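User: Could you walk me through this model, one question at a time?

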Amino acid sequence: MVKIFDSIYVNNAQKIVLELKDITPKGYTENYRRKLFCSTEGCNAKLSFVAKSGNRSYLRTWRYSLHSKHCLHFFDKEEGESSGKRPNVQIGVVYGDQMNRSQKEAFELEVLSEEERVKRLEDKSRQRNNRNKRLRKRSTSEQLTIHMILDPSKLTEDSPKLKARLYKRDVDTLKKNDLGQARTLIGKIQSVNYSEQNAIVRIFKNNTYMNVKFEKAFFASAPTYINLFPYIQRFSEQNDFAIFCATGEVRKNIDNDEFELIVFNKEGLLIHGMTLPSLVASYATQQLSF
Ligand SMILES: [Zn+2]
């Protein structure tokens, strides 16, 4: 595999050559991610930056991106795939039912008493460890080390993962390494704003605030949700501590320096334990009054 030493940073009309040594993890997550391309003329392959300690960071070809035939990095992909090794970066697909489950669990945990919460987390962790042990027996050749972690909140990106897990985060526990990742966020609703093809639910926990954004991509996948956000607003006005759980991609907002969550799927939100259609139905059947 030919090592990639430089890249082209493309930002709208601006194109800048960036050498590997010019790229810091911070610069990458905040500015360059998804905007780095192969520097070979005529090649449009996308690159990603893999941060390692010391000077071991490297550039690699973005998954599923292809180099042009004449590019010296053209064979990178085939070599990587035929080596039979697990990729360093696991990309997990998060399915709708996984989101539903994650949000439901998050909501239930949020409304439990502290004592019940600890017990629930320990049970869950025990189940997970048992499952991991079973899986380990099946795959002896892979030499995976499974740590016994009793507190799920201690799990990090570096924890060994046998399959992509959808991590939950409270608004005030989001960290830099959540950036660019799919997460389920839990917080109380502060405010709801919406327009034609755009809605923002602002949530908080312990004085940390963030916006959960529903944009074009969301409404394209859930066109019937366009007129339903007033119900969330109404519900949050009638309930001081309406809990909002949402699954999406964590980003950083450059303007206010807050984290934000971009939701893409109609399964991506749960309002105090209810899906948006079920919340609307509660108003329609007058279990709740508008
Ligand atoms: Zn290339």
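This is a predicted model: local features need pLDDT of at least 70, side-chain atom pairs count only at pLDDT 80 or more; totals for chains, interfaces and linings use all residues.

User: Thanks! Is F244 buried or exposed?

Analyst: Residues are numbered from 1 along each chain as its sequence is written, and side-chain values use heavy atoms, leaving out hydrogens and water. Buried means under 20% relative accessible area, exposed over 50%, and partly exposed in between (1.4 Å probe, protein chains only). With a relative accessible area of 0%, F244 is buried.

User: Which residues are the protein donors of the zinc ion?

Analyst: Donors are N, O and S atoms within 2.8 Å of the metal (3.2 Å for Na, K and Ca); water is not among the atoms, so sites may look incomplete. Along the chain, the zinc donors follow the spacing C-x4-C-x23-H-x3-C. Lying 2.1 to 2.3 Å from the ion, they are C38 (SG), C43 (SG), H67 (ND1) and C71 (SG).

User: What is the arrangement of the 4 donor atoms around the zinc ion?

Analyst: Four donors count as tetrahedral if all angles lie between 85 and 135 degrees; four count as square planar and six as octahedral if opposite donors are over 155 degrees apart and all others between 65 and 115; anything else is irregular. Here the donor atoms subtend angles of 103 to 121°, so the arrangement is tetrahedral.

User: Is C38 buried or exposed?

Analyst: Nice follow-up. The relative accessibility of C38 is 4%. That is why C38 counts as buried.
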